[in-house]
Amino acid sequence: MQIKELLKQSPSEQEVTVKGWVRTKRGQAAVTFIAINDGSTIHNIQAVAEGGAIDEETLKLVSTGACVAITGKLIASMGSGQAVEVKAEKIVVYGTADETFPMQPKKHSMEFLREKAHLRFRTNTFGAIFRIRHALAYAVHKYYNDNGFFYLHTPIITASDAEGAGEMFHVTNFDMEKPPKTEDGSIDYSQDFFGRQTSLTVSGQLEGELGALALSKIYTFGPTFRAENSNTTRHLAEFWMIEPEVAFYELEDNMALAEDFVQYVIKYALENCADDLAFLEKRLLEEEKNKPQNERSELSLLEKLKFVVENKFERLTYTEAIEILVRSKPHKEKKFQYPVEWGIDLQSEHERYLVEKHFKKPVILTNYPKDIKAFYMKQDEDGKTVRAMDVLFPGIGEIIGGSQREDDYEKLLARTKEVGIDPENIWWYLETRKFGSAPHAGFGLGFERLVLFVTGMTNIRDVIPFPRTPKSAEF
């Protein structure tokens with residue numbers, strides 16, 4: 001039985017066997033206290049080995065990091081903090097760990113733990129993070145399944161750049177020392193495995209749209225890649241994206257879906273990860289004590305999550321947001337780091353001002369300038385803006401980006417050429433606008449950004465098991 005279930009049992013001296021890893025061991029010859037954790041819960045279960053019950057040689061092998069199976073009676077605990085404990089009668093040591101085990105019970109820096117990513121799961125912090133990550137992933141699938149969406153697996157290897165950004169990892173089976181060349185000296189991709197230049201995908205959206213224009217409601221949830229040389233706390237080279245696409249949806253429907261979806265998954269975490277969230281909230285409060293007052297969060301972790309779940313999202317246009325920012329005190333007093341004027345791509349400081357100071361609720365901004373958004377977004381009648389939408393959260397700014405998609409063939413073709421994308425490379429995408437085109441919309445949510453928000457962590461490398469970043473592909 002897992003520790004999570006054992007801790008719910010009533011103590012009646014029934015025989016139990018608990019298996020897990022030793023977190024701490026303390027005591028003298030008369031009685032030894034062993035705290036064990038198996039990853040099923042943030043809480044340890046305590047085993048008590050009274051003098052003589054377990055032979056001394058076995059007890060010597062029971063140290064922090066060792067893997068053990070302890071059999072004994074489940075009894076009421078005399079100590080505080082737990083209702084039950086195990087009165088040990090037999091200990092089997094599956095694997096020992098000596099004093100060089102890096103996860104000794106003391107405070108470790110996040111940077112140190114990233115260097116020990118193969119072992120950091122065994123700490124309370126990372127156990128909590130990855131249980132929450134699982135719960136959120138489950139909630140994503142449950143939400144879409146229960147709302148009539150079909151899960152579509154879009155390709156990881158692609159010949160198209162959905163964002164038009166060009167920051168993609170190339171896929172090839174060429175010998176990189178001597179790739180075949182054309183007469184003009186360039187690499188001859190016609191001889192490559194796929195007969196053309198291919199890359200790892202940055203988004204499943206374009207292929208997702210193809211599915212939506214037949215199945216009506218689809219979502220993707222898979223790995224995506226970006227070769228952006230950005231060594232920040234918010235960027236990964238490999239990350240997971242959730243991308244629903246829905247036929248017959250317009251911008252207003254898309255906003256309603258985004259709000260309902262993100263509130264659902266956060267509420268699911270609040271209801272099913274209470275112990276882990278309580279631990280992470282306490283950890284965050286301790287961390288905040290070391291910051292200057294002006295850098296501390298106004299909301300605790302649980303308050304921030306309830307802020308999103310319990311508030312109706314404010315909706316306004318990009319143009320209205322710019323007007324609010326121009327009139328704002330930080331702008332007038334030149335406290336914003338970045339300037340504010342119509343046409344800029346809003347920075348996190350602007351987005352957070354709207355959410356945290358002005359409206360005091362999550363915000364959905366719509367109708368952005370055409371020139372700062374992707375080619376596939378539906379153009380507004382004014383010719384200057386597109387039917388885009390961004391969902392803004394406290395603490396991080398944008399968490400969701402989406403739009404109604406351009407369903408007019410001629411407009412989409414012209415926009416494709418305007419931004420420098422060869423129509424031949426996405427002929428199949430354009431062709432869906434020629435045969436039974438329909439209004440449709442969708443959005444993208446970076447899964448790690450969601451996990452970052454829900455756990456209160458400050459570095460995105462700490463919410464994915466094995467982060468891939470510039471100059472780092474360990475483990």
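How many bridges pair strand 7 with strand 9, and in which sense do the two strands run? Strand 7 and strand 9 (residues 198-200) pair over two bridges in the antiparallel sense. Two strands are said to pair if DSSP finds at least two bridges between them. Strands and helices are themselves DSSP runs, numbered from the N terminus: a helix is H or I over at least four residues, and a strand is E over at least two.

The model is predicted, with local features requiring pLDDT of at least 70 and side-chain atom pairs counted only at pLDDT 80 or more, whereas totals for chains, interfaces and linings use all residues. Residues are numbered from 1 along each chain as its sequence is written, and side-chain values use heavy atoms, with hydrogens and water left out.

Strands of a sheet pair through backbone hydrogen bonds, either parallel or antiparallel.

Another open sheet is formed by eight strands in the order 6-10-11-16-15-14-13-12, and its pairing is mixed. Its edge strands are strand 6 (150-151) and strand 12 (314-317), each of which pairs on one side only. Within this sheet, strand 14 (residues 385-393) pairs with strand 15 in the antiparallel sense over six bridges, and Val391 has Ile400 in strand 15 as its bridge partner. Strand 14 and strand 15 form a hairpin with three residues between them, and Gly395 in the turn has a positive phi of about 85°.

Strand 15 (residues 397-404) is also joined to strand 16 (residues 440-446) by five bridges, and these two strands run antiparallel. Gly402 stands opposite Phe443 in strand 16, while Gly401 has Gly444 in strand 16 as its bridge partner.

Helix 4 (residues 124-146) lies across strand 6, strand 10 (217-225), strand 11 (238-247) and strand 16, and runs at about 150° to strand 10. Such angles run from 0 to 180 degrees between N-to-C directions, with axes fitted as lines to C-alpha atoms, for helices over the stretch in contact. Helix 9 (residues 318-327) packs on the sheet as well, touching strand 12 and strand 13 (363-369), and its direction makes about 95° with that of strand 12. Contact means heavy atoms within 4.5 Å.

Strand 4 is mostly covered, as eight of its ten residues are buried.

Ile42 is placed in the loop between strand 2 (31-37) and strand 3 (45-50), and it counts as buried because its relative accessibility is 10%. Not counting residues up to four places away in sequence, Ile42 touches Asn37, Asn124, Ala128, Arg131, Asp275, Asp276 and Phe279. Glu349 lies in helix 11 and counts as partly exposed because its relative accessibility is 23%. Leaving aside neighbours within four places in sequence, Glu349 is in contact with Lys335, Phe336, Gln337 and Tyr338. The C-alpha atoms of Glu349 and Lys73 are separated by 57 Å, and the two residues are 276 residues apart along the chain.

Helix 11 (348-359) also gives six residues, the largest share, to the lining of the second largest pocket.

Note on methods: Buried means under 20% relative accessible area, exposed over 50%, partly exposed in between (1.4 Å probe, protein chains only).
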